[in-house]
Amino acid sequence: MTTEKIQELLQTGKTPLYVFDLGELAARIQYLRQSLPENVELCYAVKANTFIAKEAGKLVDLLEICSPGEYRICEEMGIPHSRFVVSGVNKQEDFIDASVASDEPIGYYTAESKNQFLMLLSAAEKNGRRIKVIPRLTSGNQFGIDKDELKELIREYKDDSRVDICGIQFFSGTQKTIKKLRREIEFVDQYLTDLEEETGYKAEKLEFGTGFPVAYFEGETFDESAFLKEFSELLTGMRFTGTITLEIGRSIAASCGTYITKVVDTKQNSGEHYAIVDGGMHQIVYYGQFMAMKHPKIRLLPERENTDPQEWNICGSLCTINDFLVKKLPLSGLTVGDVLVFESAGAYCPTEGISLFLSRELPRVILLDGAGNAIPVRDHIETAQFNMPQNIEKQG
Ligand SMILES: Cc1ncc(COP(=O)(O)O)c(C=O)c1O
């Protein structure tokens with residue numbers, strides 16, 4: 001985003017502020033599609049950023065929804081249910097039942113355990129609906145089903161009239177190297193081969209979830225085009241010939257977001273320079289940041305020559321000594337009223353932070369459409385209401 005555009009947005013209201021650029025999002029998805037094999041579908045996990053779900057929903061094949069709240073958001077945005085992958089380790093029975101009963105069938109469900117699979121089955125039976133399910137194979141954590149148990153489950157239910165087991169899902173983790181991904185893809189490919197040989201079940205779909213790497217910090221080098229080329233070769237080299245859906249996590253959304261916060265105070269304590277900003281660590285979350293030691297890509301406004309910089313500790317508005325956004329950031333002539341612009345803030349920043357701490361306001365959110373027009377979609381929101389006793393009427 002240009003400096004002029006940021007200056008223009010700063011005139012429209014207070015900081016802190018998130019700006020999500022839909023033009024950048026579209027370009028990003030197009031780039032990913034062009035770089036991946038043709039039999040690959042893209043799935044956007046709305047947890048990364050719910051504000052851009054509508055636009056992302058038009059550009060990807062599927063949207064992963066992990067809670068009733070995310071379901072509601074996507075429904076209100078008018079995204080067709082056929083694009084929903086209803087997922088999540090905690091699938092509430094009433095929610096699953098209502099989704100199965102809805103007029104528009106859900107794309108498919110994941111099953112994270114045998115219990116969840118049976119819950120889905122009974123919702124299908126109760127509503128007289130045949131539903132599509134992809135059980136998740138574990139990668140050795142709390143997600144998914146153990147490999148032997150999954151084999152037995154598929155053997156038992158592959159011909160069941162209530163459920164169409166269209167394939168399997170595998171979540172491998174995030175920010176993995178190609179070497180690790182190669183091992184995981186080989187493991188999944190072998191599993192699918194064994195599954196067919198041992199049970200006669202041939203999967204049509206593989207949903208492979210690995211969060212693609214994002215280079216958030218200064219000095220990090222990541223050759224994404226080489227990564228995508230090698231990853232694509234791994235996929236095309238598989239014996240599995242069905243459809244591959246990639247849920248690549250934050251990598252879709254990170255680059256489209258900018259977080260803008262203003263310096264409200266400066267001081268020098270024990271020889272160290274501190275700047276207090278009106279945002280805080282509850283609003284800007286970077287995977288891999290460690291005790292604010294790494295330097296994300298940040299612009300200082302008004303722009304100036306970075307001559308004779310001083311090292312600044314950038315701290316937020318929370319009452320905790322942990323509220324550091326960045327330590328020892330070299331900046332020239334930092335003063336109250338200056339603005340810090342954090343790049344690559346499109347994924348998880350608005351939803352992952354401890355936003356109720358200190359009852360501070362939630363930041364404004366502005367979308368930029370493809371032509372660069374600003375669309376305000378959320379004003380500052382008071383959070384005090386969530387942190388005080390409510391009048392709960394006694395039941396019965
Ligand atoms: C299927 C799948 N893919 C990817 C991810 C995470 O990717 P990231 O952490 O890079 O956003 C998750 C996290 O829950 C996931 O379930």
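Strands here are DSSP runs of E with at least two residues, helices are runs of H or I with at least four, and both are numbered from the N terminus.

Ala, Val, Leu, Ile, Met, Phe, Trp, Tyr, Cys and Pro count as nonpolar, Asp, Glu, Lys and Arg as charged, and the others, Gly among them, as polar.

## About the model

This is a predicted model, in which local features need pLDDT of at least 70 and side-chain atom pairs count only at pLDDT 80 or more, while totals for chains, interfaces and linings use all residues. Residue numbers start from 1 along each chain as its sequence is written.

## Two domains

The chain splits into domain 1 (36–252) and domain 2 (255–387), with bounds that come from an automatic or database domain assignment. Their C-alpha centres lie 34 Å apart.

How do the two domains meet? In domain 1, 12 residues are in contact with 18 residues of domain 2; contact means that the C-beta atoms of two residues, placed from the backbone, lie within 7 Å. The side of domain 1 that touches domain 2 has 6 nonpolar, 3 polar and 3 charged residues.

## Helix 8 and its partners

Two packed helices are described by the angle between their axes and the distance between the axes. Axes are lines fitted to C-alpha atoms, for helices over the stretch in contact, and angles run from 0 to 180 degrees between N-to-C directions. For helix 8 (residues 178–199) and helix 9 (residues 224–236), the axes come within 10 Å and cross at roughly 15°. Helix 8 is therefore roughly parallel to helix 9; angles under 35 degrees count as roughly parallel, over 145 as roughly antiparallel, 65 to 115 as roughly perpendicular and the rest as oblique. I178, L181, R182 and I185 of helix 8 make the contact with F227, E230, F231 and L234 of helix 9. By class, this contact has 6 nonpolar, no polar and 2 charged residues.

Helix 8 also meets helix 7 (residues 147–157), and here the axes come within 11 Å and cross at roughly 45°. Helix 7 and helix 8 are therefore oblique to each other. On the helix 7 side, K147, K151, I154 and R155 meet Y191, L195, E198 and T199 in helix 8. These residues divide into 3 nonpolar, 1 polar and 4 charged.

## Helix 5 against helix 6

The axes of helix 5 (residues 93–101) and helix 6 (residues 114–127) come within 9 Å and cross at roughly 45°, which makes helix 5 oblique to helix 6. E93, I96, D97, V100 and A101 of helix 5 touch M119, L120, A123, A124, K126 and N127 of helix 6. This contact has 7 nonpolar, 1 polar and 3 charged residues.

## Backbone details in the loops

Which peptide bond involving P16 is cis? The bond from T15 to P16 is, with omega near -5°, and P16 is found in the loop between helix 1 (3–10) and strand 1 (17–21).

Another cis peptide bond joins L301 and P302, with omega about -10°. P302 is in the loop between strand 13 (298–301) and strand 14 (310–315). D308 is also in the loop between strand 13 and strand 14. Although D308 is not a glycine, it has a positive phi of about 50°.
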